[in-house]
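Student: I am new to this structure. Please take one part and give me a close look.

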Amino acid sequence: MENTDLMKRCQLGDLDSFSELYHLHRKKALGTAYLISNQKGIAEDIVQESFIECFRKIRTLKNPEAFEAWFYKILVRTGWRMVKKHNYFLLVGDQTIEGLSATIMDSNSELDTSVTNLMVHEALAQLSLPLKTVVILYYFNDMTIEKISKVLGCFPGTVKSRLYNARIQLHDVLNENELNEPAVNIFFSKRKEYGLNGNT
């Protein structure tokens with residue numbers, strides 16, 4: 001739930017309130033940025049720059065209740081720009097399997113291990129940035145089609161189309177055993193609205 005009073009205090013320039021806002025949203029933002037970039041260092045940079053821009057522009061947010069969509073629009077745009085700038089293009093191959101596993105299992109990491117499963121990373125790495133982003137926002141951030149369309153600045157029908165195409169591609173790159181894994185089955189069993197239930 002959006003904390004409207006907190007947003008309003010942030011818009012008035014209250015630094016303590018913005019610090020509270022940062023701590024409320026940082027972990028989820030970091031998980032999202034990590035799934036987009038596949039690089040812990042880049043994910044941290046994405047989150048840092050996104051919150052800096054959020055701090056600078058939060059007074060322009062006309063409807064405090066719309067904070068989540070507004071903030072994730074900043075986060076996604078920042079993430080896409082940084083991924084392209086560093087030329088990583090979401091390839092898990094840029095790290096060794098051992099290195100990536102160490103990042104995922106780091107007890108000091110704030111990244112949620114349920115969304116940083118290696119198998120999920122390898123599957124998502126096969127998708128283009130637009131397809132991967134809608135999957136992350138829909139399945140891992142539990143955003144509605146309408147909210148994602150606001151984040152990405154596109155029509156709801158476009159979001160549905162990208163989700164459908166992403167599911168087809170994910171189904172094609174995963175083998176039969178992987179499709180039965182809980183971490184992977186999220187794409188085919190969770191969030192059953194909008195005619196997206198069942199196997200592709």
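Tutor: Start with how elements are named: helices (H or I, at least four residues) and strands (E, at least two) are DSSP runs, numbered from the N terminus. The model is predicted, so local features need pLDDT of at least 70 and side-chain atom pairs count only at pLDDT 80 or more, while totals for chains, interfaces and linings use all residues. Residues are numbered from 1 along each chain as its sequence is written, and side-chain values use heavy atoms, with hydrogens and water left out.

Now look at E20. E20 sits in helix α2 (residues 15-37). Its relative accessibility is 38%. Contact means heavy atoms within 4.5 Å. Setting aside neighbours within four places in sequence, E20 contacts L6 and R9. L6 is 14 residues from E20 in sequence, and their C-alpha atoms are 8.3 Å apart.

Next, the core. A nonpolar core is a set of buried Ala, Val, Leu, Ile, Met, Phe, Trp, Tyr and Cys residues joined through side-chain atoms within 4.5 Å. The largest one has 57 residues, and L21, F67, L124, F140 and F187 touch the most other members. Helix α4 (residues 67-85) gives the largest share of this core, 10 residues. Beyond four places in sequence, L124 touches L35, K132, V135, F140, L170 and F187.

Last, the cysteines. C10 is buried, at 4% relative accessible area. The closest cysteine sulfur to that of C10 is in C54, 7.4 Å away, so the two are too far apart for a bond. A disulfide is a pair of cysteine sulfur atoms within 2.5 Å, and the count is 0.

Methods
Buried means under 20% relative accessible area, exposed over 50%, partly exposed in between (1.4 Å probe, protein chains only).
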